[in-house]
Amino acid sequence: MAPTKYSYSKTLSSARTGQPLTVRSFQERDQDALFDLWSSGNATVRARLQSSTRMFLLGGVLGCVVLTVVVCNHLRKGWGTTALYMVAVMAQYWTLKWLLGQRNKVAYKRWAKQGDMGNIYKTFVLHKSRHFWVAERGGKVVGGVGCHARPHDYLDLPDSTYYQSRVIRNSEAHVFRLIVAPGARRGGVGSALMEAVEGFARERGARSVRAEAASMTALAFFGSLGYDLVHSETKLQGTARARTLEKVLPAR
């Protein structure tokens with residue numbers, strides 16, 4: 001018999017904040033808030049954009065300095081005038097940096113919209129073997145996470161090269177896009193989201209849940225939930241070292 005449509009909602013009290021935390025199924029109205037939360041914390045892409053920006057700025061500033069020295073020597077002005085020219089160079093630097101920052105934000109969002117987080121409803125909710133949850137506190141989205149309980153359907157993702165390279169057991173579920181807002185961390189948001197993921201995976205017949213940690217903080221978090229390190233590998237995209245962890249689900 002085919003699985004029925006999945007829906008989830010659970011409210012937890014919080015002694016730390018005094019505000020209850022609600023973990024529920026994704027709704028289309030959550031799309032913009034989740035996308036902004038995810039994109040602002042995507043370190044790999046931000047580092048790539050910042051690197052290109054730094055190189056461009058360095059070349060621009062060196063060019064401005066050389067031009068200033070040449071002009072001052074040509075005009076035979078004193079150091080006071082030279083100082084003014086240097087102030088102008090710094091003003092150009094900060095203006096250029098701001099303009100490049102705005103350009104990068106637009107370019108990054110355009111790129112990210114093409115991925116799985118650009119349309120969460122289509123990528124996750126429309127599939128019976130996938131789901132996405134939202135953590136909400138005080139009417140504000142503070143986290144989210146997705147899960148694939150049948151990982152062989154990864155091949156229809158916008159970016160599936162990495163998953164095509166792996167031997168994936170269909171009895172394991174995979175965690176996708178675990179996001180927690182910086183101000184909500186260490187407040188039980190991540191563990192509440194993972195509780196929802198594990199329940200869904202178990203209901204869909206998965207025997208284990210796998211997650212990838214690209215930082216020591218993430219590694220410690222999953223370790224605290226009972227996930228064991230399976231192996232460490234270099235991801236095909238970016239330079240981040242992704243460690244794969246797995247938790248065997250208890251039998252019903």
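Reader: Are tyrosine 6 and tryptophan 133 buried or exposed?
Author: The model is a predicted one. A residue counts as buried under 20% relative accessible area and as exposed over 50%. On that scale, tyrosine 6 and tryptophan 133 are both buried.

Reader: How do the rings of tyrosine 6 and tryptophan 133 pair, and at what angle between the planes?
Author: The count of aromatic pairs comes to nine. Among them is tyrosine 6 with tryptophan 133, whose centres are 6.3 Å apart. Planes over 60 degrees apart count as edge-to-face. This pair is edge-to-face, with the planes at 80°.

Reader: How many residues apart in sequence are the parts that this pair ties together?
Author: Tyrosine 6 sits in the segment before strand E1 (9-12), whereas tryptophan 133 belongs to strand E3 (residues 130-137). The pair therefore ties together parts whose separation in sequence is 127 residues.

Reader: Which class of pair do phenylalanine 222 and tyrosine 227 form?
Author: Their ring centres are 5.5 Å apart and their planes meet at 65°, so the pair is edge-to-face. As for accessibility, phenylalanine 222 is buried at 4%, and tyrosine 227 is buried at 3%. The class of the pair is edge-to-face.

Reader: How many of the eight residues of E3 are buried?
Author: E3 is largely enclosed by the rest of the structure, because the number of its residues that are buried is eight of eight.

Reader: In E4, what is the bridge partner of phenylalanine 132?
Author: E3 and strand E4 (residues 140-148) pair antiparallel over eight bridges. They form a hairpin with two residues between them, and glycine 138 in the turn has a positive phi of about 60°. The partner of phenylalanine 132 in E4 is glycine 146.

Reader: In E3, which residue is the bridge partner of threonine 22?
Author: Strand E2 (residues 21-25) runs antiparallel to E3, and five bridges join them. For threonine 22, the bridge partner in E3 is glutamate 136.

Reader: How far apart are the closest N and O atoms of arginine 24 and glutamate 136?
Author: The structure holds eight salt bridges. One of them joins arginine 24 to glutamate 136, with the closest N and O atoms at 3.4 Å. Arginine 24 is in strand E2 and glutamate 136 in strand E3, so this pair ties together parts 112 residues apart in sequence. Both residues are buried, and the distance between the closest N and O atoms is 3.4 Å.

Reader: Which strands hold arginine 210 and glutamate 172?
Author: Arginine 210 forms a salt bridge with glutamate 172, the closest N and O atoms being 3.4 Å apart. The pair ties together parts 38 residues apart in sequence, because arginine 210 lies in strand E6 (residues 208-213) and glutamate 172 in strand E5 (residues 172-180). In that order, the strands are E6 and E5.

Reader: What distance does helix H6 reach from its first C-alpha to its last?
Author: H6 (residues 189-203) has 15 residues, and 21 Å is expected at 1.5 Å a residue. The distance reached is close to that, at 22 Å.

Conventions. Residues numbered from 1 in each chain as written. Predicted model: local features only at pLDDT ≥ 70, side-chain atom pairs only at ≥ 80, totals over all residues. Heavy atoms only, no water. Phe/Tyr/Trp six-rings, centres within 6.5 Å; stacked < 30°, edge-to-face > 60°. Helix = DSSP H or I, 4+ residues; strand = E, 2+ residues; numbered from the N terminus. Buried < 20%, exposed > 50% of the residue type's maximum accessible area, 1.4 Å probe, protein only. Pairing = 2+ DSSP bridges. Expected span 1.5 Å × (residues − 1). Salt bridge = Lys/Arg side-chain N within 4 Å of Asp/Glu carboxyl O.
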